[in-house]
Structure formats: C-alpha cells, structure tokens
Amino acid sequence: LKGDLNSDLVIKGQVELCLNGHTLSGSGKGSVITVSEGAQLSLHDCGKGGCVTGGKATEGGGIYVAKGAALSLESGAICGNEANRGGGIFAAEGASVTVSGGELRDNSAKSGGGIYLRCEASIQGGSISGNSAEYNGAGLYAEMAEGGSIALDRCSIESNICQGHGGGIYLKNCQATAADCRVSDNKGIAAHASGGGVYIDEYAGFTVTGSTLISGNSAANQG
C-alpha cells in the first residue's frame, strides 16, 4: 500500500500485499480481504503499524480464505474486525493457512475471535491476543470435518476472553501440537465455561513439547 485505503479486496491469482505501515479499512459490509478459490495471498508489513481492520462478516471479518485458497501471514496486524465465525481470519475446509509472524488482536466473533480454522494450518510465530468470543475459542477455534492437524510453534496466545469454552484454544475433531508456545492469561467467564487456556472437545488432541508454557488461564467452571 502507498497510503491508507478504505476498501474491501478480492484476491485472485497469486498476490503479495505489503501494508507498508498503512491501514486497510474495510467497508463493514463483508470481509476486508477475500482470498478466492485457487488464489494465494502473502501478507506482510514492510513498515510498522500496518493493520487490516473494520471488517464485519458472517465468516472472516478481516480475511476469508476460501476452499482451495492459501494465505501466508508474515507480519502486520489483523485487528478490530468482527464476524459470526473467525473475527480475524476464517479458513474454509480445503484451504491452507501459514502464519510466520504478525498479530491477530482485538477481533471478536461468536466463535473463533482471532482465527477460525476448518483446515490444517501451520502457525510458526506471531501472536493471538485480546480477542473475544461470545461462545467458544476466543483466540483460536479449530474444527475439521475429517480430522487434521495444526502445528503451533514459537507463538503466543494471550489475554483472550470468551463466554464459553477455550479462552485461548478450542479444538474439535483435530490434533494440535504446541512447541515452545505461550498460552497465558486467557479466560472463559460464563458459569458453564471450561478450559480457560485450552479446551479439547470430542475427537481432538493436544500435545505439548519443548518449553511451551500454559499459565494464568482461568475458567468459571473448570480448567
């Protein structure tokens, strides 16, 4: 970007987008960025303070990643977006998501405040913080139709708050591995809420390796 931009973008083909420290503000009538089927988006910030914000959608307030599409988030922030599912990012079944840096912060959703995954993903850095969810998975929500895996490495998932289960992470029908990550100060605040840091639902698993730290999380019911 050469300056702040007020627009929703639809990505087709292979695109590299550098925020250059600027703000990409959506119309509030859908996802700020839609990565169409078969498209690839590499998103980063060559400056400081670049942000994708202002989206309001059913799925993926900040970024919607369609089936067969790919997103690589290297730096920059996805912040201040809202959706029913995936306030910051929603990735459909059959999509591909790689996060190697950047921030998912201050987004809100009914489920998956920061990111909602229906596909396998690799989150190898970056932070997911300050997000909220009306139901489950304020930081990260993952639910896959036929199982799948999520690799978490050197990332932080902190200070996210939901009414339901999994303030930091909510997993269903998938497997996640956390290596050298920090999951801290997340909360589930409704009376029935469990798993302030991590909630492992049916057919799911969570493996911790390396120096992963899970601390300071709380839930009103248990965990």
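I began with strand 28, where K187 is the bridge partner of I161. This residue pair belongs to a parallel pairing in which 2 bridges join strand 24 (residues 161-162) to strand 28 (residues 187-188). For my own reference, strands here are DSSP runs of E with at least two residues, numbered from the N terminus, and two strands pair if DSSP finds at least two bridges between them.

Before going on, I noted that this is a predicted model, in which local features need pLDDT of at least 70 and side-chain atom pairs count only at pLDDT 80 or more, while totals for chains, interfaces and linings use all residues. I also noted that residues are numbered from 1 along each chain as its sequence is written, and that side-chain values use heavy atoms, with hydrogens and water left out.

Next I looked up the sheet around these strands.

I then turned to another open sheet, where 9 strands pair in parallel in the order 1-4-7-11-15-19-23-27-31. Strand 1 (5-6) and strand 31 (213-215) each have a single partner strand, so one side of each is left without a neighbour in the sheet. Within this sheet I checked strand 11 (residues 77-79) and strand 15 (residues 103-105), which pair in parallel over 3 bridges, with I78 bridged to L104.

Which residues does S127 touch? Leaving aside residues up to four places away in sequence, S127 touches G102, E103, L104 and S156, where contact means heavy atoms within 4.5 Å. S127 is found in strand 19 (residues 127-129) and is buried at 18% relative accessible area (buried is under 20%, exposed over 50%, partly exposed in between, with a 1.4 Å probe and protein chains only).

Last, I went through the salt bridges (a side-chain nitrogen of Lys or Arg within 4 Å of a carboxyl oxygen of Asp or Glu), of which the structure holds 7. One of them joins E158 to R182, with the closest N and O atoms 2.7 Å apart. E158 lies in strand 23 (residues 156-158) and R182 in strand 27 (residues 182-184), so the pair ties together parts that are 24 residues apart in sequence.

Technical notes. Helices (H or I, at least four residues) and strands (E, at least two) are DSSP runs, numbered from the N terminus.
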